[in-house]
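Subject: Structure handover

Hello,

Here is the structure you will be working with. Please open it beside this email and follow along.

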Amino acid sequence: MDLDTVFERAGPRAFSPKDDLPQEYREAATRMIQFHANSEIMGAYLERPFIRQAPSLDRKLAFSAKVQDEIGHGQLLYRAAESLGVKTREQMLDELANGKGKFLNCFHYPMEHWWEVPMIGFFVDGAAMRRQATLKDTSWEPYAHAMDKICFEEGFHIKHGEHILRELGTGPKKHQELVQEAFEEWWPRIIQFFGPTNDKSVHHDFASKVGLKRKSNDELRNEFLTVYIPKAERYGLEIPEYPRINFDEETGSYEVIEEDLDWDEFFQIAKNEYEPGLGQINTRKAAQDAVEWVTESLENTGPTPQAAD
């Protein structure tokens, strides 16, 4: 199949491993799914310390389940990427450990306090859901298939994060002040979650033409703002003055002033050159190195059954 045929046939779940697809499609899909898989893994590592730091047994159990879910999402996605025949799962995991694998901007920042937890568990997961819901109609069928399970589980994660935000936002004044402080620090990063603006996005046009992406970065960002600004205000959070956000009374939608965001820092992060993010990568590498003997032991027991998709 040539690229022109791919453009003509591009649609929800249009292509599967039985199709003879051009290398350009396979490489673009691999890059996109690998990025998503890496982000699931790095998000889990960011939240993992809160299994122990959570203030109650119920919260610890919920965080334990969430971290396991995120690791599982990463493995499902590596499987979907591997089915394109460009890279193996081991290659992608090694690239992540060695600082070559890219992942979402928000997971490059450290998260140290309990009152920061809703920034990931509610806002970032909520932003992820806006994007992931559209990917249930992506053109690579194994990717769309993985999104069915991932979206179902992410819905629970968002509800958990929202419950923590409600608890903090309606709690003692000190808790309200701390969560507001965290919100002001994380808000610009969360808005940048969707990536660069359409005119600066390198991969959007091709990914859209072959059906891998269903909506642009700007469309998803504006939809997120329109849904989540009222939710933030409902729990007592004040939207920071910067970055400025305009409200269109005619359409009832919000739109950020893009020039108020720090895109230099964003692109530094995108290259894995941001110092706090390097710490996150090294932590992940240390964990992979620590269990390497387990992997080697399993490999020495002979062929293993193929994972079920």
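Arginine 221 is buried, because its relative accessible area is 0%. Buried means under 20% relative accessible area, exposed means over 50%, and partly exposed lies in between (1.4 Å probe, protein chains only). Before we go on, two notes on the source. This is a predicted model, where local features need pLDDT of at least 70, side-chain atom pairs count only at pLDDT 80 or more, and totals for chains, interfaces and linings use all residues. Residues are numbered from 1 along each chain as its sequence is written, and side-chain values use heavy atoms, with hydrogens and water left out.

Back to arginine 221. Its side chain meets that of aspartate 218 in a salt bridge (3.3 Å, N to O). A salt bridge here is a side-chain nitrogen of Lys or Arg within 4 Å of a carboxyl oxygen of Asp or Glu. Both residues, arginine 221 and aspartate 218, sit in helix α10 (residues 217-234). They are three residues apart, about one turn of the helix. Helices (H or I, at least four residues) and strands (E, at least two) are DSSP runs, numbered from the N terminus.

Arginine 221 has another partner. It forms a salt bridge with glutamate 258, with the closest N and O atoms 3.6 Å apart. Arginine 221 lies in helix α10 and glutamate 258 in the loop between β2 (253-256) and α11 (263-270), so this pair ties together parts that are 37 residues apart in sequence.

Glutamate 259 pairs with arginine 244 in a salt bridge, and their closest N and O atoms are 3.5 Å apart. This pair links distant parts of the chain: glutamate 259 is in the loop between β2 and α11, and arginine 244 is in the loop between α10 and β1 (245-248), 15 residues apart. Are these two buried or exposed? Glutamate 259 is exposed, with a relative accessible area of 66%. Arginine 244 is partly exposed, at 35%.

There is also a network of salt bridges. It links Glu47, Lys66, Glu70 and Asp125. The count by this rule comes to 19 salt bridges.

How far apart are the end C-alpha atoms of α6? They are 26 Å apart. The 19 residues of α6 (residues 117-135) should span 27 Å at 1.5 Å a residue, so the two values agree. The expected span is 1.5 Å times one less than the number of residues. Helix α6 is mostly covered, with 17 of its 19 residues buried.

Now look at tyrosine 228. It is found in helix α10. Tyrosine 228 touches Phe122, Phe123, Gly126 and Ile158, not counting residues up to four places away in sequence. Contact means heavy atoms within 4.5 Å. Tyrosine 228 and phenylalanine 123 are 105 residues apart in sequence, yet 7.7 Å apart in space, C-alpha to C-alpha.

**Arginine 59**

Arginine 59 is in helix α4 (residues 57-82). It counts as buried because its relative accessibility is 9%. Which residues does arginine 59 touch? They are Ala54, Trp114, His160, His163, Ile164 and Glu167, not counting residues up to four places away in sequence.

**Backbone points to check**

A cis peptide bond joins tyrosine 242 and proline 243, with omega about 0°. Proline 243 is in the loop between α10 and β1.

Arginine 13 has a phi near 55°, a positive value in a residue other than glycine. It lies in the loop between α1 (3-9) and α2 (23-47). Arginine 13 is partly exposed, at 31% relative accessible area.

Asparagine 272 has a phi near 60°, also a positive value in a residue other than glycine. Its place is the loop between α11 and α12 (275-290). Asparagine 272 is buried, at 8%.

Best wishes
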